[in-house]
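Keep the sequence beside the structure as you read.

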Amino acid sequence: MAVSEQARLATVDEHVRGENARDIDAVMSTFSDSDQASVIYNGIPTTGRRRIRRWYEVRLNALHDFRFEVKHRHFTADSLIAEHVLLFTNRKGEPVEVPMCIVYCFDEAGKLTEERVYIDEARMIP
């Protein structure tokens, strides 16, 4: 049985709040306890909670002032697709906005089993 749109939305909102606060425990609380949970970043998978945690530790500290804004959300039968904008200041002190798309997949309890991130990294380089 698919998880309700409201439950999926609550999980994703909690996940994004955790990312913006750089709170890795909050981010990890949105993932399934399954060892098969994964983050797939531009086609490169990171599987397992320990590896996902490390992936977030690196990325959440890579840019000192980043934040995500969710622009649009689209629901399918068992996932939530979100159009985000990544905002940060580059090394030249210029504001940068990078559009990205993330597909969030859920287990029966409404926790993330997979997060598929698609971003044009070339737009991040000054």
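Ser32 is in contact (heavy atoms within 4.5 Å) with Ala37, Arg49, Asp107, Lys111, Leu112 and Thr113, leaving aside its neighbours within four places in sequence. Ser32 has its place in the loop between H2 and S1. Helices (H or I, at least four residues) and strands (E, at least two) are DSSP runs, numbered from the N terminus. Is Ser32 buried or exposed? Ser32 counts as buried because its relative accessibility is 6%. Buried means under 20% relative accessible area, exposed over 50%, and partly exposed in between, with a 1.4 Å probe and protein chains only.

A word on the basis of these values. This is a predicted model, in which local features need pLDDT of at least 70, side-chain atom pairs count only at pLDDT 80 or more, and totals for chains, interfaces and linings use all residues. Residues are numbered from 1 along each chain as its sequence is written, and side-chain values use heavy atoms, with hydrogens and water left out.

Now go to helix H1, residues 5–20. Its 16 residues should span 22 Å at 1.5 Å a residue, and the end C-alpha atoms are 22 Å apart, which agrees. The expected span is 1.5 Å times one less than the number of residues. Arg8, Thr11, Val12, His15, Val16, Gly18 and Glu19 are buried in H1. They sit on the same side of H1, because they cover an arc of only 160° around the axis. The arc is that of the directions from the helix axis to the C-beta atoms. An α-helix has 3.6 residues a turn, so residues three or four places apart point the same way. Gln6 and Arg17, on the other side of H1, are exposed. What do the buried residues of H1 pack against? Their partners are helix H2 (24–28), H3, strand S3 (67–75), S4, S5 and S6. Just after H1, Arg22 takes a positive phi of about 55°.

Helix H3 comes next. Ile52, Trp55 and Tyr56 are buried here in H3. Seen down the axis, the buried residues of H3 fall within an arc of 95°, so they line one face of the helix. Arg50, Arg51 and Arg54 are exposed on the other side of H3. The buried residues of H3 pack against H1, H2, strand S1 (38–41), strand S2 (44–47) and S6.

Ala82 lies in strand S4, residues 79–89. Ala82 counts as buried because its relative accessibility is 0%. Not counting residues up to four places away in sequence, Ala82 touches Val70, His72, Arg73, Met100, Cys101, Ile102 and Tyr104. Val103 lies in strand S5. Its relative accessibility is 11%, so Val103 counts as buried. Beyond its neighbours within four places in sequence, Val103 is in contact with Ser79, Leu80, Ile81, Glu114, Glu115, Arg116 and Tyr118. The C-alpha atoms of Val103 and Arg8 are 95 residues apart along the chain and separated by 12 Å.

Finish at the largest pocket, with a volume of about 340 Å³. Of the 18 residues that line the largest pocket, Tyr41, Arg59, Phe68, Leu86 and Met124 are the closest to its centre. Helix H3 (49–59), strand S5 (95–106) and strand S6 (112–119) are the elements that give two or more residues to this lining. A pocket is, on a 1 Å grid over the protein atoms alone, an open set of points where a 1.4 Å probe fits, with protein on both sides within 12 Å along at least five of seven lines; lining residues have an atom within 4 Å of a point.

Notes:
Points joined across faces, edges and corners; volume = space filled by probe spheres on them.
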